[in-house]
Amino acid sequence: MTMSTNATEFDTRELEYSVFRWRTISNLFLNVAITVITLLALIPLGAVLYMLVVKGGSHLSSASFLELPPTALGKGGGFGNAIVGTLVMVGIASLISVPTGILGAIFLAEIAPASRLARTMRFLVRLMTGFPSVLAGVFAYGAVVMLFGGFSAYAGGVALAILMVPTVMLTAEEAIRMVPARMKDAAMAMGTTQSQMVRSVLFPTAFPSMMTGVMLAVARASGETAPLIFTALFSNYWIVRRSETQLDEPTASLAVLIYNFSASAFENQQNVAWAAALVLVLFVLVFNLLGQSFSAKPVK
Amino acid sequence: MGASSKNEYKNVIECDLKKLYYGDFFAVRDVNIPIEKGSITAFIGPSGCGKSTVLRCLNRMNDFVRGFRFEGNVQFRGKDIYHPKIDPVAVRRFIGMVFQQPNPFAMSIYSNVAYGLKLNGFKGNIPEKVEKALRAAALWDEVKDKLKSSGLSLSGGQQQRLCIARAVATEPHVLLMDEPCSALDPIATRKIEELMIELKQKYTIALVTHNLHQAKRVADNTGFFYVDTTQGGRTGYLVEYRKTQELFEDPHESFTKDYIRGEFS
């Protein structure tokens, strides 16, 4: 294409689409290539979901949610105790990691963002986001299981919390940083202390994005297997037994149930594992959707 | 359209918007405004009256806004730029734009100005073109010794002139300026205004401004936009379009009269 000038002779055809222009062709080619590659990337994802829905769906029933895992030669059965166990342990992990993560994020983003402590902390936390989950399990085994003398839901919760803290803290820090400085200025100029400003302006404004991070962390934790094998192990019984909640006993979880039963030689146990896998993926889906629903809310 | 050849020569752009929507929002109605060749046309009016919306229609920048649609047509040199055969990318190469906030790229001053030339596959002497554009934007003397430093290192007024240099480097036919001085101090504003008057020798300019004095100082023609709230929404429309001097000295419409007297904001 030649450079245009303001000379009166101007060919308005220059404004039209033309297949003879290199940029028109390359633009078209790149757009098509991106679309095709995106679809290719979706194939494995779609295949996994399809397999889960087909194989898991056909073995899903009300018994899946209400009954205990089947014995080797048993018929039917479910994984009600594993669902409860996963919820309980993720709950314990959230109780530990959400306050820690968010308070840590406030420190990182607001209290002393440039301090040496903050820089070290940020570096370590980033490192921790890629922390192998099996090591979190080994650590919780040493710190909780060995200390209190047994596998427990508490130990499982601690192991999962170790994995959740970095995600919660980093997304919360980012969320706080996204709050425009002019809002902070407005609060400080009204005569708030720093903590009043954090509580009344920063926290509410950043809250939706923080919750997105929390939900992502929860979704990740509910699918973890390795840390739970070292800490909560598994149980064939309900967590509430003899009308007492046994949080200090080995506890079932969906992930470990799938791990155990998928390698089973008995078809019924394999089928239960398929159904449990579908339920676990739906769990993760629900938490992800919850996370999105928080971020979709506009800041008013 | 049945525009006479004389008309086609005089007006680089013929903008006739009957109804313009963003999704369900009825944003603008009845704007029929010509942009005369080699002149400065100012769009004035209160906030939310659709001045910027109309300006962004002239080089199809509204294409990026989801839900944008309109009835009417916009002609550039007699060609309907919303015709399906028209390539909006090509349109924007002939109708450049300068924005409210100076927005240089995070590259050197030189690269900022050379950007459009390289994009166009310009094969000639790029350094010469860059110097010419920087001179045209009255920025050359201030930056000639630091062409390699970042465009972001300049002051606000200099950044805006850099953006003007970037826009004129490819010699567009029309320059759309969307409140180019509203983020600048009075001295920088004065410089940009002088520059606009200089630039209209070569380029046709359409200017959105909040500043009535600016319109009075630089514009040959002025369109006054107002907001119609009688239909329940907030729909902008063109109240009056005249020669600038006539519009300010003898406005025909009472809305225009009140506005330029500052009787409402």
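The model is predicted, and local features were taken only where pLDDT is at least 70, side-chain atom pairs only at pLDDT 80 or more, while totals for chains, interfaces and linings use all residues. Residues are numbered from 1 along each chain as its sequence is written, and chains are lettered from A, with ligands numbered from 1, in the order in which they are written.

**Helices of chain A**

- Helix α3 (residues 80-111) of chain A contains L95(A); helices (H or I, at least four residues) and strands (E, at least two) are DSSP runs, numbered from the N terminus.
- L95(A) counts as exposed because it has 12 C-beta neighbours inside 10 Å, where 20 or more other C-beta atoms within 10 Å make a residue buried, 12 or fewer make it exposed, anything in between makes it partly exposed, and C-beta atoms are placed from the backbone.
- Although L95(A) and G157(A) are 62 residues apart in sequence, their C-alpha atoms are 9.0 Å apart in space.
- Helix α5 (residues 133-148) of chain A has 16 residues that should span 22 Å at 1.5 Å a residue, and its end C-alpha atoms are 21 Å apart, which agrees; the expected span is 1.5 Å times one less than the number of residues.
- At Y141(A), α5(A) bends by about 40°, the bend being the angle between axes fitted to the seven residues ending at a residue and the seven starting there.
- The buried residues of α5(A) include S133(A), A136(A), G137(A) and A140(A), and what covers the buried residues of this helix includes α6 (153-177) and α9 (226-231) of chain A.
- After α5(A) comes G149(A), with a positive phi near 75°.
- Helix α8 (residues 194-222) of chain A spans only 36 Å between its end C-alpha atoms, whereas a straight helix of 29 residues would span 42 Å.
- In α8(A), a kink of about 55° lies at F207(A), shortly before the proline P208(A).

**Nonpolar cores**

- A nonpolar core is a set of buried Ala, Val, Leu, Ile, Met, Phe, Trp, Tyr and Cys residues joined through C-beta atoms within 7 Å, and in the largest one, of 75 residues, A165(B), V168(B), L175(B) and L207(B) touch the most other members.
- Helix α7 (residues 156-168) of chain B gives the most to this core, with six residues.
- Apart from it lies another core, of 72 residues, among them A159(A), V165(A), A273(A) and W274(A).

**Positive phi values in chain B**

- Most residues other than glycine have a negative phi.
- A138(B) has a positive phi near 55° and lies in the loop between α5 (126-136) and α6 (140-143) of chain B.
- E171(B) has a positive phi near 50°, and E171(B) counts as buried because it has 22 C-beta neighbours inside 10 Å.

Notes. Two residues are in contact if their C-beta atoms, placed from the backbone, lie within 7 Å.
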